[in-house]
Amino acid sequence: MDQSTIALLSAGVMIVVFLGAWFLKVPHIISLTLAAIGGALVAGNGIPLRHLVEGSFMFFDLVLIILTAMMFLGVLRETGALSRMILDIIRRFHRQPFILLSVLTLVVMLPGALTGSGTAAVLAVGSLVGAVLIGLGIPAVNTVAIIALAGVIGSFAPPVNIPAMAMANGINMPYSGMFFALALISIPLGLICSIVLGGRYLKRNDQIQTLIEEMEETTKAKAIGPLATYLPLVFVLGTMILTRIFPGSLPNPGIPMIFILGLVLALILSPRLKILPLVTGSIREAMPVVGILIGVGAFVQVMTLTGVRGLFVITAVTLPEIGLYVFILLGFVLAGALLGSYGSGTVFGIPVTLALLDRDPVLAIIGLSLMAAFSSLTPPTAIVGQAAVMSVGYKGSYGAVLKKMWLPWLIASLIGLAIVVFADRLDWLVRY
């Protein structure tokens, strides 16, 4: 058999093994590793232990970012800083529903921007924000859609965009120059989605005052001052932004170290916290995402070994231009159905990025990462979407939520595709 046939057979076996393991509800890290081994065996490479181990460390820098970000977020949650922040926002804007909706959307986006995980964002603040939105008169199904979309767009927002980091890593490009563009796209997109889905239902509601009183009772047990609430978050965001604006003047300790320093600052301001249970709990919460990245790393490494990745790139390059764009649009949706945004951003996104090296790679990766982020809404996995359903306590079907989200999802995907198509003309967005 020629190399192309072997690569096709290897790709088919990898897909079948992964689907079979997924159907049996085997964890993603094991499913991806088994699929990688199956593909290597068919290609005549035996069990490539060196490649499996090497591949599992492919995204080690991203794993460090996720773990440290989740620990930082866990401390903010445990101190009551997140609850206090939301309570302060409600007190300030409860008589201005449109502003309150916009600010709460940014609150849901923030944990996703810090951790790169839309699921973490939804689980961290989704229930609190959901109760406020329902209190404002927004139907439960729209509330779920707003929170899910804010979580997804937050995972796309800077400073931590995991699919973009993975794609940049996959083509040996530094993750830089994206902060301004990611912020410029994500913030308006998140606000517009929320206002379109919830704006017409907004009204002043007596339930908000009741909710404020309930939240005040809850936060009394963890009474912390404004300094402990806001200073760690301001320090982390401020350090990330300033080190990008003044790269030659301020040393950049790296994103994981910035999160660690923010965590230490939060602990100093709230010294009664028990750090060990917090750290272990945060690591346990991050393990599903970390496991996907470890498994995907091994999977991608074996794809390269067996020629599957090269075949994939050649197929993408040889498609007519319009065919390539349709291939990109549909590919992320289908890949996200099983692999989520992280898997689709690496297994699908890296080969596509290689096929798009004829244009500005920074902008191309930004556009692709937007489509990858939204792929986490694709059923049956729909990680972020299902997390939003659970956090709000919505009893209806996920299909009803999808009906609310399909238009914003389509528009966001078309925006991402437009960024890819016109990447060279949008190079003015590449800053910091």
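In the predicted model, buried residues account for 55% of the 432 residues in the chain. The secondary structure consists of 19 helices and 0 strands. The C-alpha trace spans about 70 × 45 × 45 Å along its principal axes. Among contacts in the chain with a separation of 6 or more, 81% are between residues 24 or more positions apart.

Helix H1 comprises the 21 residues 3–23. At 1.5 Å a residue, H1 should span 30 Å, and the 30 Å between its end C-alpha atoms agrees with that expectation. The buried residues in H1 are Ile 6, Ala 7, Ser 10, Ala 11, Met 14, Phe 18 and Ala 21. These residues cover an arc of only 135 degrees around the axis, and they therefore lie on the same side of H1. Leu 8, Val 16 and Phe 23, by contrast, are exposed on the other side of H1. In terms of relative accessible area, the buried residues are under 20% and the exposed residues over 50%.

After H1 comes Lys 25, which has a positive phi, near 60 degrees.

Conventions:
Residues numbered from 1 in each chain as written. Predicted model: local features only at pLDDT ≥ 70, side-chain atom pairs only at ≥ 80, totals over all residues. Heavy atoms only, no water. Helix = DSSP H or I, 4+ residues; strand = E, 2+ residues; numbered from the N terminus. Expected span 1.5 Å × (residues − 1). Buried < 20%, exposed > 50% of the residue type's maximum accessible area, 1.4 Å probe, protein only. Arc of directions from axis to C-beta. Contact = heavy atoms within 4.5 Å.
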